[in-house]
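Open the model in your viewer and keep the selection tool at hand. Each stop below says what to pick and what is there.

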Amino acid sequence: MDMKKALFAVPLSVSLLLPTSLDVVNAEEHNMPTVETEAVELRSTLDKLFSEHAYLAVETMRKGAEGAADFKASANALAANTEDLSAAIASVYGEKAGEKFQQMWSEHIGYFVDYVKATGSGDEEAKQAALDELEQYRQDFSQFISTATEGAVKADGLAEGLQMHVNQLIGAFDAYVAGNYAEAYAKERKAIDHMYGVSKGLSKAIVNQFPDKFNHTKAVTPAADLRSNLNHLLGEHAGLAMMAMQNGLDGSEDFQASAEALVANTEDLSAAIASVYGEEAGQKFKEMWSGHIADFVTYVKGTAAGDEAQKEKALQALEDYRADFSEFIATATEGKVPADVLSSGLQEHVGYLIGTFDQYAAEDYKQAYDTLRDSYAHMFMTSKALSGGIVSQFPDKFAMESMPSDMPKTGMGGTAANNDLWIFASILALVGAAGVYLRKQSKQ
């Protein structure tokens, strides 16, 4: 399956500075809130790349510890993410800066690999040496970014945020090696969440530094926060679902923990729905959402058993679910997100997820991780469509142009909670439908 060209019409390095679609709007000129400005596109791109880095880094470290057959493919996917991040930096600061970023970023990944190797050999001295290298890296990298942004990102604050990043990845890995799988997945979720704070702070700094390049739009607005929060929830769903499906097929010891992490994502969404629409609505959402996850589990079981009838049954259940949820969202958004458009998007999502899993089961690991990255990226297109529909439906709720200008002193780490109940509600009321993404079996 190759839908990449349909999702991304131009190279990433270009899309950072000039969004690919013609529907990008200058909110200040039109006096309307929107999720489709140059600055918001930058933030969303960084959302995807930084969160994908954390996700792939955790999974690659685990694969390395296991000596898994797909370790090389996972590591290559992480390297490809680094190339994309470097191209993004180069698009703003030039090729030399992009090359410097790639060098430093690749080195810090190498230090994590050193830590994994030392853990496998039981070499405590080598583990400490890797941590010492990471300590030096965070100081050097913080200074590099601070200089590039002309001080908009403070070196000491960023260094603190990078330490949090290191602690989260190392902590998730150590917990996994120790067999504390629930803790390992909880720390993985925190590591991914932390990167959305990084993308928020860095995109704000870049936009403020080069306002002309971003048409004097803002990276941090209520509408942008909505899109970013949807990026997070939907991206996390896709990533956790894929790993849980792999673990289920492999009979891995951490299968239950990975499935519980996916359930925790469902619990978060359901609680948010209930806080706005009542317990009955929250419970109904939980039942439907859990049902579609169970359909994927059925597909995994059918694959493991070589039962084609069971696989077809799961795909048909996903097809039925896709239709129901698409209609639900179309009704909720008063047609701002048409049922047929959402249905098509959900079909692509399921196609990506099933395609990635089938490739993994066939031991075509290179293709599996290429498709996994496409699957992850697709969720960010879904969040753009959903957030755009919500903002268009309720423009007054997202009318505030900007948020407080002070950058967090925590090194841009961690996403701040949104205290606007309605915004939080709208994210989750419709994220449920986003998670909906279902479809009939795509033909490969």
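## Salt bridges first

There are 15 salt bridges in the structure. The model is a predicted one. Keep that in mind at every stop.

**Stop 1: Glu41 and Arg227.** Select both side chains. Glutamate 41 and arginine 227 form a salt bridge, with N to O at 3.2 Å. The two partners sit in distant parts of the chain: glutamate 41 is in helix 4 and arginine 227 in helix 10 (residues 222-250), 186 residues apart. Is this pair buried or exposed? Both glutamate 41 and arginine 227 are buried.

**Stop 2: Glu41 and Lys384.** Check the cover on each side. Glutamate 41 has a relative accessible area of 9%. That is under 20%, so glutamate 41 counts as buried. Lysine 384 has 12%, and it is buried too.

Now show the three residues together. Glu41, Arg227 and Lys384 are linked in a network of salt bridges.

**Stop 3: Arg62 and Glu188.** Select arginine 62 and glutamate 188. Their side chains meet in a salt bridge of 3.1 Å, N to O. Arginine 62 is in helix 4 and glutamate 188 in helix 9 (residues 181-209), so parts 126 residues apart in sequence are tied together here. Arginine 62 is buried, as is glutamate 188.

## Along helix 4

**Stop 4: residues 38-66.** How many residues does helix 4 have? It has 29 residues. From first C-alpha to last, helix 4 reaches 42 Å, close to the 42 Å expected at 1.5 Å a residue. Helix 4 is mostly covered, with 26 of its 29 residues buried.

Step on to glycine 67. This residue follows helix 4, and its phi is positive, near 65°.

Stop 5: Go to the loop between helix 9 and helix 10, where asparagine 215 is found. Asparagine 215 is not a glycine, yet its phi is positive, about 55°.

Histidine 216 has a relative accessible area of 41%. It is partly exposed.

## Along helix 10

**Stop 6: residues 222-250.** Helix 10 is mostly covered: 25 of its 29 residues are buried. Just after helix 10 comes glycine 251, with a positive phi of about 65°.

**Stop 7: Leu234 and Ser383.** Stay in helix 10 and pick leucine 234. Leucine 234 is buried, at a relative accessible area of 1%. In sequence, leucine 234 and serine 383 are 149 residues apart; in space, their C-alpha atoms are 7.1 Å apart.

## Out to the surface

**Stop 8: the negative patch.** Color the surface by charge. Which residues gather in a patch of negative charge? They are Glu107, Asp114, Asp132, Glu133 and Asp140. Helix 6 (95-121) and helix 7 (124-148) each supply at least two residues of this patch. Which helix gives the largest share? Helix 7 does, with three residues.

**Stop 9: Glu107.** Glutamate 107 lies in helix 6. Glutamate 107 has a relative accessible area of 34% and is partly exposed.

Terms used:
Residues numbered from 1 in each chain as written. Predicted model: local features only at pLDDT ≥ 70, side-chain atom pairs only at ≥ 80, totals over all residues. Heavy atoms only, no water. Patch = residues over 30% accessible without salt bridge, like charges linked within 9 Å, V, L, I, M, F, W, Y side chains within 5 Å. Areas by Shrake-Rupley, 256 points an atom, 1.4 Å probe, with all protein chains shown as cover. Salt bridge = Lys/Arg side-chain N within 4 Å of Asp/Glu carboxyl O. Lys, Arg positive; Asp, Glu negative; His and termini not counted. Charge placed at Lys NZ, Arg CZ, Asp CG, Glu CD. Helix = DSSP H or I, 4+ residues; strand = E, 2+ residues; numbered from the N terminus. Buried < 20%, exposed > 50% of the residue type's maximum accessible area, 1.4 Å probe, protein only. Expected span 1.5 Å × (residues − 1).
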